[in-house]
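I opened my notebook to work through a structure piece by piece. Here is what I looked up, in the order I went.

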Amino acid sequence: MEPNCIFCKIVNKEIPSSKVYEDKHHLAFLDIAPVNKGHTLLIPKQHYEDLFDMPEDMLALTGSILKKLSAAVMKGVKADGVNVGVNNKSAAGQIVFHAHFHIIPRFNQDGLKAWPHKKYENVDEMGTYKDKIQMQLLKPS
Ligand code: 5GP
Ligand code: ZN
């Protein structure tokens, strides 16, 4: 429990939420400002700052709930698709620093655009980026 964390307050019922799902380790509730109606947030009850802060065994549990819940959101609001996403760190748009998974129902003609795409200069530049990422994976964690 982080005293100034809004999602910890929701877990502790100090702040109300439209609860969709709850188990021993998780809570899911409607996002107060939905991208589309039915936009749901899945959170671990324990305060982890972001995805990187979450232990692997916890993430495995969360992942299986995420799959079930995403299907329920999609079917429940009769959506045509669903975006599942995590914003990590403020540069990526994270505003609430308690790990959470966005489940956003999407409709064929909802008019929302995905991120704009950039281009690599050439194949060599693309290879450099591939190498940078692969190098990190080889490092002991
Ligand atoms: P972030 O940008 O950190 O990934 O997303 C935080 C999300 O939490 C936002 O989509 C925002 O609308 C939602 N949110 C912020 N405060 C509250 C709240 O008090 N209750 C609920 N239900 N959602 C909130
Ligand atoms: Zn918290």
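**Entry 1: the zinc site.** I began with the spacing of the donors of the zinc ion (ligand 2), which runs C-x2-C-x38-H-x50-H along the chain. I kept in mind that I am reading a predicted model. Which atoms hold the zinc ion (ligand 2)? I found SG of Cys5, SG of Cys8, ND1 of His47 and ND1 of His98, at 2.1 to 2.3 Å.

Next I looked up the angles. The four donor atoms subtend 105 to 116° around the zinc ion (ligand 2), so the arrangement is tetrahedral; the cut-off asks for all angles between 85 and 135 degrees. For my own reference, the ideal angle for four tetrahedral donors is 109.5 degrees.

Cys5 belongs to the segment before helix 1, while His98 is in the loop between strand 4 (81–85) and strand 5 (101–106). The two are 93 residues apart, and the pair links distant parts of the chain. Are Cys5 and His98 buried or exposed? Cys5 has a relative accessible area of 7%, so Cys5 is buried. His98 comes out at 0%, so His98 is buried as well.

**Entry 2: the cores.** I looked for the largest nonpolar core and found 12 residues, including Ala28, Leu42, Tyr48, Met54 and Phe101. Helix 2 and strand 5 are the elements that give two or more residues to this core. Helix 2 gives the most, with five residues.

Not counting residues up to four places away in sequence, Tyr48 touches Asp53, Met54, Pro55, Met58, Phe97, His98 and Ala99. I was pleased to meet His98 again, a zinc donor from my first entry. There is also a second, separate core of 10 residues, and Cys5, Val11, Leu41 and Ile43 are among them.

**Entry 3: aromatic pairs.** How many aromatic pairs does a search of the whole structure find? The search gives two. In one of them, the ring centres of Phe7 and Phe29 are 5.4 Å apart and the planes meet at 80°, which is why I wrote down edge-to-face; the cut-off for that label is over 60. Phe7 lies in helix 1 (residues 6–11) and Phe29 in strand 2 (residues 26–30), 22 residues apart. Both Phe7 and Phe29 are buried.

Tyr120 and Tyr129 form a tilted pair, 5.8 Å centre to centre with 55° between the planes. Tyr120 is partly exposed because its relative accessibility is 44%. Tyr129, at 37%, is partly exposed too. I also noted Lys132, which lies over the face of Tyr129 at 4.6 Å from the ring centre.

**Entry 4: two more residues.** I looked up Glu49 in the loop between strand 3 (40–44) and helix 2 (56–76). Glu49 has a relative accessible area of 41%, so Glu49 is partly exposed. Leaving aside neighbours within four places in sequence, Glu49 is in contact with Gln94, Phe97, His98 and Ala99.

My last stop was Leu59, in helix 2. Its relative accessibility is 25%, so Leu59 counts as partly exposed. Beyond neighbours within four places in sequence, Leu59 is in contact with Leu51, Met54 and Phe101. Leu59 and Pro44 are 15 residues apart in sequence, with 9.0 Å between their C-alpha atoms.

Methods: Residues are numbered from 1 along each chain as its sequence is written. Chains are lettered from A and ligands numbered from 1 in the order in which they are written. This is a predicted model: local features need pLDDT of at least 70, side-chain atom pairs count only at pLDDT 80 or more; totals for chains, interfaces and linings use all residues. Side-chain values use heavy atoms; hydrogens and water are left out. Helices (H or I, at least four residues) and strands (E, at least two) are DSSP runs, numbered from the N terminus. Buried means under 20% relative accessible area, exposed over 50%, partly exposed in between (1.4 Å probe, protein chains only). Contact means heavy atoms within 4.5 Å. Rings of Phe, Tyr and Trp (its six-membered ring) pair if their centres lie within 6.5 Å; planes under 30 degrees apart count as stacked, over 60 as edge-to-face and the rest as tilted. A charge sits over a ring if NZ of Lys or CZ of Arg is within 6 Å of the ring centre and within 35 degrees of the ring normal. Donors are N, O and S atoms within 2.8 Å of the metal (3.2 Å for Na, K and Ca); water is not among the atoms, so sites may look incomplete. Four donors count as tetrahedral if all angles lie between 85 and 135 degrees; four count as square planar and six as octahedral if opposite donors are over 155 degrees apart and all others between 65 and 115; anything else is irregular. A nonpolar core is a set of buried Ala, Val, Leu, Ile, Met, Phe, Trp, Tyr and Cys residues joined through side-chain atoms within 4.5 Å.
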